[in-house]
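Hello,

Here is the structure we talked about. Have a look, then read my notes below.

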Amino acid sequence: MTQRADKDTSRGIFDSLEELEKSAVGADGWSAESFRSEAEKENGYVLYICDGDEVIALLTGYYAIGEGDITNVAVRPPWRRRGLAQRLIAEFERLLPEDAAEIFLEVRESNDAAAALYEKCGFERLAVRRNFYVNPRENAVVMRKGVV
């Protein structure tokens, strides 16, 4: 079941989100406090899926002026290719206000698997942001999806 973190979510969930994020992207991943801060924002979204007590997938994003923005998606390796990221993206889209017209995200230029997933979810490649990522330095592909 997809869950949404908010100001009342236990500290342990935010620690688990941090651990998953850092296992996926390395030391530059978000801290537990970053996840908590995003969850406490009125326009912030922190969605996650657990298997028992273990967080196995997460998505963070926000809404602003008619647009959604997905800032993080991570799935533990043993749980990949089981539709969890697609479920989180669909839930994010469902939770957006009615006036949301588009969703944007960035993905590392070398992350073919993630880009293919996003395209499967209806995103299209829009542009390249040069040197967007720093560790290691890499371009980001900006992707967009219209919300129906």
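Which residues in α1 meet which residues in α2? This is a predicted model, and in it R11, F14, D15, L17, E18 and E21 of α1 meet A32, E33, F35, R36 and A39 of α2. By class, that contact has five nonpolar and six charged residues, and no polar ones.

Now the geometry of the pair. Two packed helices are described by the angle between their axes and the distance between the axes. Here α1 spans residues 11-25 and α2 spans residues 32-40. Their axes come within 8 Å and cross at roughly 120°. Angles of 65 to 115 degrees count as roughly perpendicular, and those over 145 as roughly antiparallel. The two helices are therefore oblique to each other. Their crossing is right-handed.

Next, the nonpolar cores. In soluble globular proteins, nonpolar side chains tend to be buried together. The largest nonpolar core has 26 residues. Of these, I70, F92, V107, Y118 and F123 touch the most other members. The elements giving two or more residues to this core are the strands β2 (44-51), β3 (54-64), β4 (67-75), β5 (102-108) and β7 (137-146), plus the helices α3 (84-95) and α4 (112-120). The largest share, five residues, comes from α3.

Leaving aside residues up to four places away in sequence, F92 touches Y45, L47, L59, G61, Y62, G68, D69, I70 and I103.

There is also a second, separate core of 14 residues. Among its members are L20, A32, V55 and L58.

Best wishes

Technical notes: Residues numbered from 1 in each chain as written. Predicted model: local features only at pLDDT ≥ 70, side-chain atom pairs only at ≥ 80, totals over all residues. Heavy atoms only, no water. Axes fitted to C-alpha atoms, helices over the stretch in contact; angles between N-to-C directions. Helix = DSSP H or I, 4+ residues; strand = E, 2+ residues; numbered from the N terminus. Parallel < 35°, antiparallel > 145°, perpendicular 65-115°, else oblique. Left-handed = near helix turned anticlockwise from the far one by under 90°. Contact = heavy atoms within 4.5 Å. Nonpolar A, V, L, I, M, F, W, Y, C, P; charged D, E, K, R; others polar. Core = buried A, V, L, I, M, F, W, Y, C linked by side-chain atoms within 4.5 Å. Buried < 20%, exposed > 50% of the residue type's maximum accessible area, 1.4 Å probe, protein only.
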